[in-house]
Amino acid sequence: MGQMFNDGSRKPLEIVDIFNNGERGGPLATLKAYNQRMGLCLDQTNMEYLVAEYTNLGRPPTDIELFMWAQVNSEHCRHHVFNATWTIGGTAMKNTLFNMIKNTHKVTPDFTLSAYSDNAAVLAGETGNYWAPDYSSGVWALHKEKVQPLIKVETHNHPTAISP
């Protein structure tokens with residue numbers, strides 16, 4: 001456990017030359033080997049995508065870029081899943097999962113003051129009571145004000161080996 005939180009020495013930026021053909025099988029095999037060695041947990045589709053993108057860019061990735069990709073797209077944080085197209089019973093759905101979630105607010109916006117801002121929503125509330133002191137007299141008094149409930153949805157609660 002101590003090694004997990006141990007401060008390591010700084011290292012220079014590393015170019016991960018997936019195009020050097022050092023591994024049999026080309027860039028994908030090279031990236032797979034790096035993924036395994038560094039514990040990035042990239043899946044096959046992530047690696048295929050990265051090879052295609054860096055091929056289009058005409059340069060190999062850096063270690064930082066691959067680690068950032070692994071973090072953002074780890075099983076811990078699956079935003080890309082929410083925005084994926086999907087099929088049910090052989091029928092392609094017209095909306096992504098996230099668009100379907102947003103559709104709830106679109107068709108029934110009543111009582112929602114704010115929605116989908118930093119994965120949160122503010123709902124129209126009711127009048128609530130609270131006790132607070134009058135600072136000039138020091139006497140506690142009952143106060144009334146509108147209470148607007150905040151609902152926060154956390155999309156980063158999936159377990160992962162690469163967790164912030």
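Helices (H or I, at least four residues) and strands (E, at least two) are DSSP runs, numbered from the N terminus, and by this reading Lys-146 lies in strand β6, which covers residues 140-147. The structure described here is a predicted model, in which local features need pLDDT of at least 70 and side-chain atom pairs count only at pLDDT 80 or more, while totals for chains, interfaces and linings use all residues. Residues are numbered from 1 along each chain as its sequence is written, and side-chain values use heavy atoms, with hydrogens and water left out.

**Confidence**

- The predictor's confidence in each residue is given as pLDDT, on a scale from 0 to 100; its mean over the protein chain is 84, and 84% of the residues reach 70 or more.
- Over residues 160-164 the pLDDT is below 50, although this stretch has 16 contacts in the model beyond near neighbours in sequence, where contact means heavy atoms within 4.5 Å.
- Where pLDDT is low, the predicted coordinates should not be read in detail.

**Overall architecture**

- The protein chain contains five helices and seven strands, and along the sequence they follow the pattern α-α-α-α-β-β-α-β-β-β-β-β.
- Of the 164 residues in the protein chain, 20% are buried, a word that stands for under 20% relative accessible area, with exposed meaning over 50% and partly exposed in between (1.4 Å probe, protein chains only).
- The accessible surface of the protein chain comes to about 12,100 Å², and 57% of it belongs to carbon and sulfur atoms; such areas come from the Shrake-Rupley method with a 1.4 Å probe, and for residues only the protein chains shown count as cover.
- When contacts between residues at least 6 apart in sequence are considered in the protein chain, 47% of them join residues at least 24 apart.

**Side-chain pairs**

- A salt bridge is a side-chain nitrogen of Lys or Arg within 4 Å of a carboxyl oxygen of Asp or Glu, and by this rule the count comes to one.
- That salt bridge joins Arg-59 and Glu-65, whose closest N and O atoms are 2.8 Å apart; Arg-59 is partly exposed at 33% relative accessibility, and Glu-65 is partly exposed at 26%.
- The structure also holds one aromatic pair, Tyr-49 with Trp-69, which counts as stacked because the ring centres are 5.3 Å apart and the planes lie at 20 degrees.
- The pair links distant parts of the chain, since Tyr-49 belongs to helix α2 (residues 44-57) and Trp-69 to helix α3 (residues 63-72), 20 residues apart.
- For such pairs, rings of Phe, Tyr and Trp (its six-membered ring) must have centres within 6.5 Å, and planes under 30 degrees apart count as stacked, over 60 as edge-to-face and the rest as tilted.

**Surface patch**

- Leu-13, Ile-15, Ile-64, Met-68 and Val-72 form a nonpolar patch on the surface, with about 490 Å² of accessible area together.
- Patches are made of residues with over 30% relative accessible area and no salt bridge, like charges being joined within 9 Å and nonpolar side chains (Val, Leu, Ile, Met, Phe, Trp, Tyr) within 5 Å.
- Val-72 lies in helix α3 and is partly exposed, at 45% relative accessibility.

**Two residues in their surroundings**

- Leu-97, placed in helix α5 (residues 97-107), is in contact with Phe-82, Ala-84 and Trp-86 when its neighbours within four places in sequence are left aside.
- Lys-146 is partly exposed at 48% relative accessibility, and, leaving aside its neighbours within four places in sequence, Lys-146 is in contact with Gly-125, Glu-126 and Thr-127.
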